Amino acid sequence: MLLERCSALGFAEPSDCTAAPLACMGGCSGAGECVAGFCKCRPGHFGADCSLSLGRDGKPQLLAGRGYTPRSRGPRVYMYELPPEFTTWRNEAHLDRPTTHHFIERLTATGAR
């Protein structure tokens, strides 16, 4: 599966695919492993960047236990979880700018997400 995905993304070797500098958003939030541009989340975590988990109340939490604090005032931005073929499965070398990853990482850092 890895070889086919990497080939479809235009990488010559699987090692190039898994070692891409911006392969996974937010480094999988420290809660998963980056495999071919997709975060394989550890149990209990989910989302395109493994930043989501369920709290004790059963509601999703963003970056639980990581010191993330949402802004006290707006604006706020809701990020939809879409299939990886629309979000993370891409070869950044084929884009003129890797804006998607930078935007999401900066958005998270501001507390607006």
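Three strands line up as an open sheet in the order E3-E4-E5, with antiparallel pairing. E3 and strand E5 (60-62) sit at the edges with a single partner strand each, so one side of each has no neighbour in the sheet. This is a predicted model, where local features need pLDDT of at least 70 and side-chain atom pairs count only at pLDDT 80 or more, while totals for chains, interfaces and linings use all residues. Residues are numbered from 1 along each chain as its sequence is written, and side-chain values use heavy atoms, leaving out hydrogens and water.

A quick word on terms: strands are DSSP runs of E with at least two residues, numbered from the N terminus, and two of them pair if DSSP finds at least two bridges between them. E3 and strand E4 (residues 52-54) are joined by two bridges and run antiparallel. Within this pair, Phe46 stands opposite Leu52 in E4.

Now for the loops. Buried means under 20% relative accessible area, exposed over 50%, and partly exposed in between (1.4 Å probe, protein chains only).

| Residue | Relative accessible area | Class |
|---|---|---|
| Arg42 | 43% | partly exposed |
| Asp49 | 6% | buried |

Arg42 belongs to the loop between strand E2 (38-41) and strand E3 (45-46). Beyond its neighbours within four places in sequence, Arg42 is in contact (heavy atoms within 4.5 Å) with Gly30, Ala31 and Gly32. The C-alpha atoms of Arg42 and Cys28 are 9.8 Å apart, with the two residues 14 residues apart along the chain.

Asp49 lies in the loop between E3 and E4.

Note on methods: Helices (H or I, at least four residues) and strands (E, at least two) are DSSP runs, numbered from the N terminus.
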